[in-house]
Amino acid sequence: MEERITLDYGSGGLRTAELIDRLLVPAFRSEPLAALGDGAVLENRSAPLVFSTDSFVVTPWRFPGGDIGKLAVCGTVNDVCMAGGEPRYLSLSLVIEEGFLLRDLEEIVRSIAREAERAGVSVVTGDTKVVERGKGDGIYLNTSGIGFLRAPGLSRAAIRPGDAVLLSGSAGCHGAAVLMARGELPCEGELLSDCRPLHELSAAVLAAGGVRILRDPTRGGVATTLNEFVEGSGLCIELEEDAVPIDAPVAAACDLLGLDPLYSACEGRLLAIVDPAHAEAALEALRRTEGGEGAAVIGRVTQSRPGCVVLRTALGGARILGKLTGAQLPRIC
Amino acid sequence: MRFDTEFRRPQNAERALAALRELVRETGPIRLMEICGTHTMAIAKAGLRALLPEGLELISGPGCPVCVTPAGAIDWILRLSERPDVILASYGDLLRVPGSVRGDSLLRRRSLGAQVRTVYSPVEALALAAEHPDREVVFLGVGFETTAPGTAACLLEARERGLRNFSVLSLLKRTEPALRALVEAPDFAVDGFLCPGHVAAVTGAQAFAFLPREYRLPAVVAGFEPGDLLCAICRLADMVRRGEPALENEYTRVVTQEGNPAALAAIGCVFTPAAAVWRGLGEIPESGLAPGDAFSPWDAAKKFSFPAGSSAVETPGCRCGAVIRGVARPAECPLFGSVCTPADPVGPCMVSGEGACAAAYRYRNL
Amino acid sequence: MCLAVPLKITSIDGKRAVGEAGGLSQTLRVDFLPGLQPGDYVMVHAGFAIQKLTEEQAAENLAAIREALDAL
């Protein structure tokens, strides 16, 4: 009989200790975690710290190109990176629904460990809770991340007219891949999530210089994130429709369901607003780095329509890309 | 040869747009109506409105199946969703549409525990019924002639397989009676129609021949890529200038004169034309498609006593109806932008991202 | 009114078929287009093929659009 998570695993008793000792501590090989204190004692480089947190509730927990564990590492690592930090430490909280397969939990933990190692972060503290059957959706994760600040001053306020807008790869892959995994996309094929840690890409683009602000276009996609850069300001972002890289399967999936890839989430792409004098170097730096081969300059900052993101279409027309209002729903008309 | 991308960027678009400017200077204002929600979306996506000369106005007519579904019908569906034995299967389009009570929609009902499944095809609804023999699966059949054949095929299959827990609430609409009602209204003021290419793929282009023949209105059956749209608009404007209304088929790679006979036969076999209520246009004889008597056991309207008369309820103050007919601009509605916004829509024209009101809201300060 | 996409048929089994676009494959119904073969292109709406497409017609269509825009 396959081992399943029961309420005992979250009791704080023997089963909990078993989970921690046999699965979690060996997986993460981190000294502060192995000490099993109530908190982790961390090295201090006396640099300002970057601190971020995120919760992960994706259904299904496994999707083409990743799983909830990989996502939980990338999501928080990427937030720290986008804030100009070099990510170092992660916390990990697991909220598991009673009945979840132990084998699946092991797979998720392995995925977290693998991705944390890749991103150069240690899981130093954590917690496990088990909720009654029917009161969770299999598994929820929360991670918080701490990093050392390496690029101070990244902010909306630094954006200037004439700046270039860079995207590190094709838009919308993660959102489309999750739709497919959920069975909401009535098709199958080579549609992989772009989920990946952005520590190398952000380091590369920052080293090229002239970066005003970084952001990873997760929920709401590229269009919504760009709106956050300019809303309420005197600036406008003008995108070139032809310049935005979109993979063929993502375009096909979006055509089929009447969705817009510019509003579909990415989990391994970054948007950078860059001083035009550094734009070429920044683009080259991204393209030389793994995961940034498909980087492109997708538009620029102007003052033509303050507070708006405008897409210049292939036909020569223009449309305003507003923020996403509510989740995109598949449509037939 | 690609059937879509090749049509995205017509070679001589700029020259054609310049010629269009000249043409409108000559004729004065031209008002064209698109009567297909997908045209509305495609026009917005191509940024076409910003390119067209001043004086050439595109009006979004009653072509979004969701926009024309009356508030009363949504109210009834919301009540049906309260039954614990019912699973509703719906296209995503319908989920955010409010009934006559502001903020109440299938999406909200789902959050309260109603069983509402989003489907891409009626075939998925049929599969749901087979999977859940202990539940009543009701497919919310919105759409026009394009969507009707697939809906018919599923009713035929349900009867063949004896799937008694499956039924369809037919909110299907027929294009021609609605167009006639629109054109015959006293306040009608449109110079030509951009006709729906995918409806015509089923009905045949000839289904729109009555527009020039009986009403002297130019009509062009059009595809959905920027090249298709620009070409169709140019053809319509040219017919307006020449004063020679005709039916043209721009979308020849998909649309034939006679349409798809097998699809039309499936519609004819399952449905009979029936009176239907359209939001904004009211009740129009023969403008709906109701399952024939042989399909009564699979007709949700009969199974759950859908009260035909009550579906004419409209939301107080909402002028979506007038907007759909092209006789009011969104900003002329008292609710527009204050009570009714994309985040909290009152009427269907605000629900769809490119509905006339949602588009007008987004561009309101420009 | 109705969103539809072009797909290339890769296999057919009675009323059911599999079509492909952009590397994605999708099951669809071909009830209304008798005599389809793998390799044929169809326009698909809500899971049903509603019309068959041919490369010749598409090329003619493209040429006609060019001509119409030039003629204005």
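**Contacts between chains and domains**

In this predicted model, 17 residues of chain A are in contact with 13 residues of chain C, two residues being in contact if their C-beta atoms, placed from the backbone, lie within 7 Å. On the side of chain A that touches chain C, β8 (187-189) and α8 (248-257) each supply at least two residues; helices (H or I, at least four residues) and strands (E, at least two) are DSSP runs, numbered from the N terminus. The largest share of this side, seven residues, comes from α8(A).

Local features here need pLDDT of at least 70 and side-chain atom pairs count only at pLDDT 80 or more, while totals for chains, interfaces and linings use all residues. Residues are numbered from 1 along each chain as its sequence is written, and chains are lettered from A and ligands numbered from 1 in the order in which they are written.

β8(A) runs antiparallel to strand β3 (residues 24-29) of chain C, and three bridges join them; strands pair if DSSP finds at least two bridges between them. Within β3(C), C:S25 is the bridge partner of A:E188.

Chain A itself is assigned domain 1 (7-149) and domain 2 (156-320), with bounds from an automatic or database domain assignment. Their C-alpha centres lie 28 Å apart. The contact between them takes 21 residues from domain 1 of chain A and 20 residues from domain 2 of chain A. On the domain 1 side, α3 (68-82) and α4 (102-119) of chain A each supply at least two residues, and α3(A) gives the largest share, nine residues.
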